[in-house]
Each structure stands twice: as structure tokens, then as C-alpha cells.
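Subject: Structure for you to look over, with notes

Dear colleague,

I am passing on the structure that we spoke of, together with some notes on its helix packing, cores, salt bridges and backbone. Could you read the notes with the structure open beside them?

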Amino acid sequence: MSHNEPNLESYERERIVFQIIRDNPDLHHNALIKLIVPEFMAKTTFEKTRDMLIEKEIITVQTKANMKFYLPSNNYASKSQHLVERNTTNSFHDLKLQIKRLNTDFPHKDIDEKINIVNSLLRNLLETDNGFTILDAAKNPKKTLYRDEHLTIQQLIHNVFEITRNDRDSEILFPAITSYLGSILPKNLLK
């Protein structure tokens, strides 16, 4: 598994911690640790998982008499959509800036850096486009609300290919990039 793919174990840990918190809202921090550690995970793993759930606004922290209690967040579905929208929009604007700077920075990089930069940009552009697609589906499945963003991403992908095509190392870059694209694009499942 590549380091960019979601780690299913982390999702399973998040589910376990969330489910125990939801089923036991009266347990304070130390009692929660006794229930989860070591049966499901180590203490540091629990703390990292708890921090991720707080960061994603899946759970909230309440302090009562020097004790921490964790509770499921209210309106998580709405908050999660806002989180996806914020992350997708931030990624979209960051990518536009990175690609704008690419024209001047790219020629001065070595070949391995160029391959990594292009592959990273393409992966992030596709992931950002997926974020807008998810938002379209969640908000109104019968309309494309993020049409301009989808079109801009298409143009940004074109810009990345043009910069790569015009680079002095393009003959070496394209096979590496094509190989990478083959690993992240849909496969023929009918074989």
C-alpha cells in the first residue's frame, strides 16, 4: 500500500473509539483508556486516534471537575460537509498557486524532483476534483454546482502536461508520469 492510500486500520480504530465514546458518554478520560487499552490499541494510538476525531469534529471534549469527557458532536453530517468543502477549497487554491509558480521553478529541478512534483500535482488535482464531485453529490445530485472548479482543474491538468511537454527532460518525464497515472486511474475491470 502506498503512503497516499487511506489506512483502513486507522478508520477501524476511529470507529472503535467513536463507538465506545458514543456508547459510554459518562466515562471520563482515564476510564475510557482502561476500556480501550490494551484490548483494542496502545495508549499512544488511542491518543492519536482521539485527537484525529477531535480534529475532524466527530467528537468534542467537555471538562467537568478536572475530568475530561468525550461526546459525539452535534450535527456531524453538516460539519463533515463543511470540513470537506473547506479542505477541498483550500487544496484547490493551493494547487492553483503551485502550478502558477511551476513555470519558473520547474526547469531548475532535477529529473527525480520533476517526476515527483508532476505526479504529486496530478494526484492532488484528481483528489481535489473528487472532493468537488462529492460536494456536488451531497448538495444537489442533479446539478453540477462546482462546474467552474471542475473546468479549472481540467485546465490546470492541461497546464501541468504542457509544462512537462515543453521541458528539456520531457522524453524521460512522460514515461514515468504515464506509468504513475496508470497506477491511479481506473483499471479495466472486465478482463
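Predicted model: local features only at pLDDT ≥ 70, side-chain atom pairs only at ≥ 80, totals over all residues.

Residues are numbered from 1 along each chain as its sequence is written, and side-chain values use heavy atoms, with hydrogens and water left out.

Helix packing

Helix α6 (residues 147-165) and helix α7 (residues 170-184) have axes that come within 9 Å and cross at roughly 145 degrees, where axes are lines fitted to C-alpha atoms, for helices over the stretch in contact, and angles run from 0 to 180 degrees between N-to-C directions. On the α6 side Phe 161, Thr 164 and Arg 165 take part, and they meet Ser 170, Leu 173, Phe 174, Ile 177 and Leu 181 in α7, contact meaning heavy atoms within 4.5 Å. By class, this contact of α6 with α7 has five nonpolar, two polar and one charged residues (Ala, Val, Leu, Ile, Met, Phe, Trp, Tyr, Cys and Pro count as nonpolar, Asp, Glu, Lys and Arg as charged, and the others, Gly among them, as polar).

Helix α7 also packs with α5, at an angle of about 35 degrees and with the axes 10 Å apart. The residues of α5 that meet α7 include Ile 111, Lys 114, Val 118 and Leu 122, and among those they meet in α7 are Ile 172, Ala 176, Tyr 180 and Ile 184. By class, the contact of α5 with α7 has twelve nonpolar, one polar and two charged residues.

Nonpolar cores

A nonpolar core is taken as a set of buried Ala, Val, Leu, Ile, Met, Phe, Trp, Tyr and Cys residues joined through side-chain atoms within 4.5 Å, with buried meaning under 20% relative accessible area, exposed over 50%, and partly exposed in between (1.4 Å probe, protein chains only). The largest such core has 21 residues, of which Leu 122, Leu 125 and Val 160 touch the most other members. The elements that give two or more residues to this core are α4 (76-105), α5, α6 and α7, and α5 gives the most, with seven residues. Leu 125 touches Leu 95, Ile 99, Ile 153, Leu 156, Ile 157 and Val 160, if residues up to four places away in sequence are not counted. Apart from this core lies another, of 14 residues, among them Val 17, Ile 21, Ile 36 and Ile 58.

Salt bridges

Nine salt bridges are found in a search of the whole structure, each being a side-chain nitrogen of Lys or Arg within 4 Å of a carboxyl oxygen of Asp or Glu. One of them joins the side chains of Lys 114 and Asp 169 at 2.8 Å, N to O. This pair links distant parts of the chain, Lys 114 being in helix α5 (residues 111-139) and Asp 169 in the loop between α6 and α7, 55 residues apart. Lys 114 is buried, with a relative accessible area of 0%, and Asp 169 counts as buried at 18%. Lys 114, Asp 167 and Asp 169 are linked in a network of salt bridges.

Glu 9 forms a salt bridge with Arg 13, with the closest N and O atoms 3.8 Å apart. Because Glu 9 and Arg 13 are four residues apart in helix α1 (residues 8-23), they are separated by about one helical turn. Glu 9 is exposed, at 54% relative accessible area, whereas Arg 13 is partly exposed, at 23%.

Backbone

Most residues other than glycine have a negative phi, and most peptide bonds are trans. The peptide bond from Val 37 to Pro 38, however, is cis, with omega near -5 degrees, and Pro 38 lies in the loop between α2 (29-36) and α3 (43-55). Glu 57, although not a glycine, has a positive phi of about 60 degrees; this residue lies in the loop between α3 and β1 (59-64) and is partly exposed, at 33% relative accessible area. Asn 75, likewise not a glycine, has a positive phi of about 55 degrees; Asn 75 is found in the loop between β2 (67-72) and α4 and is exposed, at 59%.

With best wishes
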